[in-house]
Amino acid sequence: MVDKLVRYLKDQLDRLFNQLADLEECREDLEEEEYLETKEETIAQLHEFQESLDAAMAGNLSLTDELFKLKLATQTAISSAFKTPEVIRLFAKEEPSQLRTILTQIDRDVTLGKRTASDARPEKLEVLTALKRLGAELSQEEELCLQDQIKFSSRVDSDSVGESVLGLVQKK
């Protein structure tokens, strides 16, 4: 029974994350108003999902660990700490190896000149933050990248990625 409920909840969260990812992929095909309305509806569904998790966690202690992980992923999505739906999904599924693959792809794209380092930086910081929150071991270079962003974001309040990184890393 508990396993079935946890599976259902994970499937529901995956559906919401897929909905966010699809929305971002189709953004250019949608009117701005339609995009914003759909995104707000999805965020509202995430809030409802979070409320359901709160109620379930209050009732059954054997579910607490699994539900806490789902709740953390939901809070992360709602707070927009991660901007990329794929990073949110992999964070929720606790997939550090797939996050590492994204990190490798980002670095490869910069090396090949497909992206500039400054364009790739926000997504790289998202992935590094997700890895840190999952307890993955970061290289010295990766830790320095996060620390540099924390120092920078403490000086520049308008950097939303920096604020997200600062908040998530300091919670760890």
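Glu143 is partly exposed, its relative accessible area being 25%; in this classification buried means under 20% relative accessible area, exposed over 50%, and partly exposed in between, with a 1.4 Å probe and protein chains only. The structure is a predicted model, in which local features need pLDDT of at least 70 and side-chain atom pairs count only at pLDDT 80 or more, while totals for chains, interfaces and linings use all residues. Residues are numbered from 1 along each chain as its sequence is written, and side-chain values use heavy atoms, with hydrogens and water left out.

A salt bridge joins Glu143 to Lys132, with 3.2 Å between the closest N and O atoms; the term denotes a side-chain nitrogen of Lys or Arg within 4 Å of a carboxyl oxygen of Asp or Glu. Because Glu143 belongs to helix 7 (residues 140-155) and Lys132 to helix 6 (residues 117-133), the pair ties together parts that are eleven residues apart in sequence. Helices (H or I, at least four residues) and strands (E, at least two) are DSSP runs, numbered from the N terminus. In contrast to the partly exposed Glu143, Lys132 is buried, at 18% relative accessible area.

The salt-bridge rule gives a count of eight. Among them is the pair of Lys39 and Glu24, whose side chains meet at 3.8 Å, N to O. This pair links distant parts of the chain, 15 residues apart, with Lys39 in helix 2 (residues 32-59) and Glu24 in helix 1 (residues 2-25). Lys39 is partly exposed at 28% relative accessible area, and Glu24 is likewise partly exposed at 27%. A further salt bridge is formed by the side chains of Arg108 and Asp109, at 3.2 Å, N to O. Here Arg108 is partly exposed, with a value of 43%, whereas Asp109 is buried, with a value of 15%.

The largest nonpolar core comprises 16 residues, of which Leu99, Val127, Leu128 and Leu131 touch the most other members. Such a core is a set of buried Ala, Val, Leu, Ile, Met, Phe, Trp, Tyr and Cys residues joined through side-chain atoms within 4.5 Å. Two or more residues of this core come from each of helix 4 (85-92), helix 5 (96-111), helix 6 and helix 7. The greatest contribution, six residues, is that of helix 6. Apart from neighbours within four places in sequence, Leu131 is in contact (heavy atoms within 4.5 Å) with Pro96, Leu99, Arg100, Leu103, Ala136 and Leu138. A second, separate core has eleven residues, including Leu16, Leu20, Leu46 and Ala92.
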